[in-house]
Each structure stands twice: as structure tokens, then as C-alpha cells.
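I opened my notebook to look at one structure.

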Amino acid sequence: MPRPPSTMRRHILDSALRLFAEHGFKGASLHDIAAEAHCSKASLLYHFASKDAMLTELLTPPAESLRALSEELAALDGDQAVEPAVRGYVGLAMRFHLEIKIIFAELPDMLGHPVLAVIPRAVDQLADALAGRSDRPRARVMAQMVIGGVAVTVAADVDVEQDTMRAELTQGALRTLGRSTS
């Protein structure tokens with residue numbers, strides 16, 4: 001059972017996020033996380049039962065946020081869904097860029113993580129919205145290109161100012177989908 005929120009707990013999670021993103025989940029040890037968080041391993045284990053418990057807590061917000069975005073987009077028809085889907089997805093990808101990097105680093109193992117079980121359905125729903133609810137192969141392929149391209153770009157640590165990154169990702173996604181970028 002998770003412990004109540006505390007400053008140390010947040011500090012441990014922030015350290016784990018940085019280390020998992022830099023070295024991969026398997027490459028970061030509990031000792032490394034404790035050292036980065038300036039606490040003992042015992043203190044770390046007081047707050048988290050295991051390294052996997054930290055990973056679960058780190059991956060839950062992006063998974064739930066993607067599911068929530070997909071549910072919001074479900075209420076929009078056809079072309080109405082495209083721009084909100086692009087803006088919503090770019091925003092989530094930028095917000096959770098380190099978590100995406102962690103997932104990409106060990107993709108086969110991460111896809112089996114229970115907290116990410118909502119991802120395939122949410123991505124399918126996002127792709128449907130990005131495609132403007134179209135069944136045309138071109139629209140479906142372009143939607144998947146946007147999903148992959150945005151995720152890979154935010155995980156790549158491109159040295160670009162945040163507002164510029166958001167604008168370029170949004171405009172590039174809209175262009176890929178054949179939409180005006182006025």
C-alpha cells in the first residue's frame with residue numbers, strides 16, 4: 001500500500017524518474033536512486049516497497065491522462081476531433097517526456113506492465129480522432145505517424161525551447177494530417 005505523500009517521497013520519485021530516463025529502468029538500482037535522492041536505501045524502501053512500485057507510480061499519471069484524453073475526444077465527431085487530438089496529445093507528450101523515454105528504452109518489457117494496460121485502447125482511440133474518424137488507409141497511417149513521431153521527438157531530448165517545441169510539434173502533426181496550420 002502506498003505511503004502518504006511527503007516531500008521525501010516526491011524527491012525519491014523525481015530522482016527515480018531522472019535515473020530511469022537516463023539509464024533505463026533496469027539500469028538504475030535502488031542504491032542509485034537513494035544516492036540521487038540523498039536518503040538511505042531503508043528510507044527509500046519505507047516509501048516504496050520496490051523499484052517496480054516507483055515505476056508504477058511514475059507511469060500511472062501519463063497512462064491515466066492518455067485514457068482521459070481519449071475519452072474527451074470520443075465526444076467529438078470527425079474533423080472536430082483532429083485539432084483537439086493533436087493539441088491534447090502534444091501537450092501530454094511534452095508533459096510526460098521522461099516517462100515516454102523510460103517506456104521507449106525498454107519497450108517490450110514496459111508494454112507488459114499492468115499500469116500500461118490502458119495504453120493500446122487509448123492509442124487506438126487517439127489514432128481514430130487524429131484520423132478524423134476516417135477509415136481511409138492514408139488517414140490511419142498519418143495518424144499513427146503523428147503518434148510515433150511526437151513520442152519519439154519528445155523522448156529524444158531535442159534542445160529546443162518548450163514553446164517552440166510545442167508549436168513545431170503541433171504544426172508538424174497538423175501538416176502530416178493534411179490540416180491547415182494557420
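Which helices do the buried residues of helix 9 pack against? I found helix 5 (82-95), helix 6 (97-105), helix 8 (119-130) and helix 10 (162-176). Packing here is judged by contact, meaning heavy atoms within 4.5 Å. Helices are DSSP runs (H or I, at least four residues), numbered from the N terminus.

A note on the source. This is a predicted model, where local features need pLDDT of at least 70 and side-chain atom pairs count only at pLDDT 80 or more, while totals for chains, interfaces and linings use all residues. Residues are numbered from 1 along each chain as its sequence is written, and side-chain values use heavy atoms, with hydrogens and water left out.

**Entry: helix 9**

I checked its length. Helix 9 covers residues 137-155, 19 residues in total. Its first and last C-alpha atoms are 27 Å apart, close to the expected 27 Å. The expected span is 1.5 Å times one less than the number of residues.

Next I listed its buried residues (under 20% relative accessible area, 1.4 Å probe, protein chains only). They are Ala 139, Met 142, Ala 143, Val 146, Ile 147, Val 150, Ala 151, Val 154 and Ala 155. Just past the helix, Asp 157 has a positive phi of about 55 degrees.

**Entry: the cores**

I looked up nonpolar cores. Such a core is a set of buried Ala, Val, Leu, Ile, Met, Phe, Trp, Tyr and Cys residues joined through side-chain atoms within 4.5 Å. The largest has 35 residues, and Leu 126 and Leu 130 touch the most other members. Helix 4 (51-74), helix 5, helix 8, helix 9 and helix 10 each give at least two residues to this core. Helix 9 supplies the largest share, nine residues.

I then followed Leu 126. Beyond neighbours within four places in sequence, Leu 126 contacts Leu 66, Leu 69, Ser 70, Leu 73, Ala 85, Tyr 89 and Ile 147. Another core, of 26 residues, lies apart; its members include Ala 28, Ala 37, Ile 103 and Val 115.

**Entry: helix 1**

Helix 1 spans residues 7-23. Its buried residues include Arg 9, Ile 12, Leu 13 and Phe 20. Helix 2 (30-37), helix 3 (41-47), helix 4 and helix 6 are among what covers the buried residues. Just after helix 1, Gly 24 takes a positive phi of about 85 degrees.

Note on methods: Buried means under 20% relative accessible area, exposed over 50%, partly exposed in between (1.4 Å probe, protein chains only).
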